[in-house]
Amino acid sequence: MTDEILRITDLRIAARTEEGEEKILVQGIDLTLHRGEVLGLIGESGAGKSTIGLAALAYARPGCTIIGGEIRYAGTDIRTLSRRERRRLRGRRIAYVAQSAAASFNPAKSLYRQVCEMPVRHGLMSYAEAKKAAAQLFAELDLPSPETFGERYPHQVSGGQLQRAMVAMAMSCRPDILVFDEPTTALDVTTQIEVLAAIRKLVRDHRTAGLYISHDLAVVAQVAQRIMVLRHGRMVELGEAAQILHEPREEYTRRLVSVRAAAAPPAEAAVAERGERLLELNALGAAYGRLRVLKDVTFSVRRGETVAVVGESGSGKSTLARVVCGLREPAGGSVRFRGELLPPTLSLRSRDQLRRIQMIYQMPDMALNPRQRVSEILGRPLSFYFGWPRAKVTARVEALLRMIDLPVEFAARRPGELSGGQKQRLCIARALAAEPDLVICDEVTSALDPLVAEEILKLLGRLRDETGVAYLFITHDLGTVRRIADRVAVMLQGAVVAEGPLAQVFSPPYHPYTEALLASVPEMRLDWLDDTLRRRAGRQGAEGPVIGAAAADRFALGT
Amino acid sequence: MLPLVAQRVALGLLTLLAVSVLVFAGTEILPGDVATAILGQSATPEAVEAIRRSLGLEEPAALRYWHWLAGFLHGDLGNSLANGRPIIEQLDFRLKNTLFLASAAASVAVPLSVGLGILAAINQNGSFDRIVNIVSLSAISLPEFFIGYVLILLLAVKLDWFPSLSAISPEMSFGERLYDIALPAATLTLVVLAHMMRMTRAAIIGVMSHPFIEMAFLKGLPRWRIIVQHALPNALAPIINVVAINLAYLVVGVIVVEVVFVYPGIGQLMVDAVSKRDVPVVQACGLIFAGTYVGLNLLADILAILSNPLLRVPK
């Protein structure tokens, strides 16, 4: 191909640590991009994906430096350009779409002000012209009332709409290259589809070249023609999307593919009825002011059972967790635990009741006190709940560390010296130290890389078998549900719309919302997005596509 | 948003009411009696009694508080004990002078310090940033009277550009008065500059770590534009607050500067009144000071709410 637009050769990027040492983030990366082509960059956190994406704009985050290599845009090495010349390239010829639109839009300015900023500042259009062009892009991206959409402030539109507004902003100067940095990661699955479809349509219509950064192979495969797998700042392999998906050459890629693929088939194994009822929720309600966030939630968890609560953001699943563990007072209904009624708030519960329900959080970083040593973190529940003497506590801490496959020497470390996965293991051990009957897991794998998340799930499964603990497993990830849950409760706008054994809820006949959720999980095949969009168009027909919030409203009416 | 503003206003009024109780109670418990203060130590008990009766000191404190507050709200601040004239006469001229000096200092200090803060943020850790920081910190570290005397020595005595005394009178023209207060205004500006400047700089730099700032860099905008158009609007709330506190200081805390430049402001009036045990004057000054503080902070709160689109524009 002759229409090469970007060629990066031997790119090296380093960060300076606080001690003044140089740490290499990106090492010897080569890539080329042609007009109209999308190249996927995939890898786990720390792989250097975003750093490479930003380097395509000759930008390095504070503390990072591009120390070597060439970044040729249309033949010129943009590293050799003056600051002013580089600025004229950014946004105008090469534009960036960030992961979190909510954080990347200025909360103090209207969308028009921000979307029109680039064409106006780069001297391409007047503000009036830019507004007109922006409205047209909003229309192309299926945003509601495109003429007036831009007058709103970022907090006035939904997450999916904001992400599309950011794509419109990136397109405002009709750039040659778009860098997409995990543009759908922060979105719910049903919303992700809209944004993915919008991105793909726009890139095709305008023949824009793209770098698409993601940690999710299935997502990348829907938009990219070629995929580069990265790890620790180096390239693992580069190939056509189909080849990476179906015939990965490298061991690391194979592992990434198999983790993702494991999510596909529903577990058919019939689940034997587990023990007696442990937790019974009866017509449970909760409200923030006048806003009802939980409506008549009724289901139960048996001893040794894993019940997954699935739903998209705002469905009330985290509120449910807070009500069960006593952090939030219910607005109606009851919580029975081991047959007895649980007092509504923490302060009214006995120490034994507190001990029997433990919690594991999404962000292990924030759930651990950075100033405490591992021995203190694990020792605290032991002395608090059981009042054990020092020697006994020390022995038990060591046993707990062995249980979560961490070396006993870790007792002297602080959380800052552990990796993300190790921290989450520590949180699990802390929960289990109290010897609870029920552990509430709130999105415990969402913040982890897929391979690490997989290990955490295995560990949770093993510990359940060993200790007989039950899990109330809150997640938005249906793949995780399939791997760990015995039973599922699907939540939508504060209500449980479907509940039952995994195999029953996740196989036909589905509740329509469950079906929409399942259909929205990207699958490891190239034509998944086309298929899904076609199916949707067919089914909804005259009513138009029903996605995202609109879908939520419609399905909720039936309950 | 309206309920929020109404809530702030109500809180402000409540604070003022509480302050009025404190001011009244505070002057009540001052040692000594006004009557003996007026007549001196050697007064006969009969004379003291007569004075007490004529001043209405026999009534219970709560009732006197009520009369005092009601009078205040009607603009009747009572009469001075020292000379028997209505307080409002002395206060009127003095308060206007104080507000005049404060406005003159503020109209220079606020734009200057916010502007310097923005420039310092643009040149973060550059030489301009360092110099501005050192100069403003030195200014804030020196006592006000010292700055005042240095300015008098340099600009009045040596160079003879400005008068060393600012004894203005009502018959002077606006221009003459402005010329007369050049030095005290400059002194006050130097005193309040550093605080506002550093807060502006810190608030802007605090916003600079947000992802939307990185986005603005990736849009190809120059740093100064990013700071003025993207960081500043999000840093307004803390800046507004620190400006309000300093404005209040310009009204309330200028006694030393007034003394140095012999300026007929309200601070001097209050100090005189305290030494003469002229309780009604002290109470009136106290309430005016409190009103200034509460009023400016209330204004700052409301402006901060207005500057936040999350509160201004409903979802």
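# Close-up views of a predicted two-chain model

View 1. Across residues 541-554 of chain A, pLDDT stays under 50. For this stretch the model has 16 contacts beyond four places in sequence. The model is predicted, and this view should be read with those scores in mind.

View 2. As background for both views, chain A averages a pLDDT of 87. In that chain, 93% of the residues score at least 70.

**View 3. An open antiparallel sheet in chain A.** Four strands make up the sheet, in the order β2-β1-β4-β5. Their pairing is antiparallel. At the edges stand β2 (22-34) and β5 (76-77). Each has a single partner strand, so one side of each lacks a neighbour in the sheet.

**View 4. The pairing of β1 and β2 in chain A.** Strand β1 spans residues 4-16. Nine bridges link β1 to β2(A), in the antiparallel sense. In one of the bridges, A:Leu6 has A:Leu33 of β2(A) as its partner.

**View 5. The contact between chain B and chain A.** Chain A contributes 26 residues to the contact, and chain B contributes 21. About 2,300 Å² is buried between the two chains. Carbon and sulfur atoms give 58% of that area. On the chain B side, B:Met215, B:Leu218 and B:Lys219 lose the most area to chain A. Together these three residues account for 29% of what that side buries.

View 6. Two salt bridges are counted between chain B and chain A. In one of them, the side chain of A:Glu117 meets that of B:Lys219, with an N to O distance of 2.8 Å. B:Lys219 is also among the chain B residues that lose the most area to chain A. Nine residue pairs are in polar contact across the interface, counting pairs with both residues at pLDDT 80 or more.

**View 7. The side of chain B that touches chain A.** Three helices of chain B each supply at least two residues to this side: α10 (211-218), α11 (223-231) and α16 (309-312). The largest share, six residues, comes from α10(B). By class, this side of chain B has 12 nonpolar, four polar and five charged residues.

Definitions and conventions: Residues numbered from 1 in each chain as written. Chains lettered and ligands numbered in written order. Heavy atoms only, no water. Contact = heavy atoms within 4.5 Å. Buried area = accessible area lost by both parts, 1.4 Å probe. Salt bridge = Lys/Arg side-chain N within 4 Å of Asp/Glu carboxyl O. Polar contact = N/O pair within 3.5 Å; in protein donor to acceptor, adjacent residues only side chain to side chain. Nonpolar A, V, L, I, M, F, W, Y, C, P; charged D, E, K, R; others polar. pLDDT = per-residue confidence, 0-100. Pairing = 2+ DSSP bridges.
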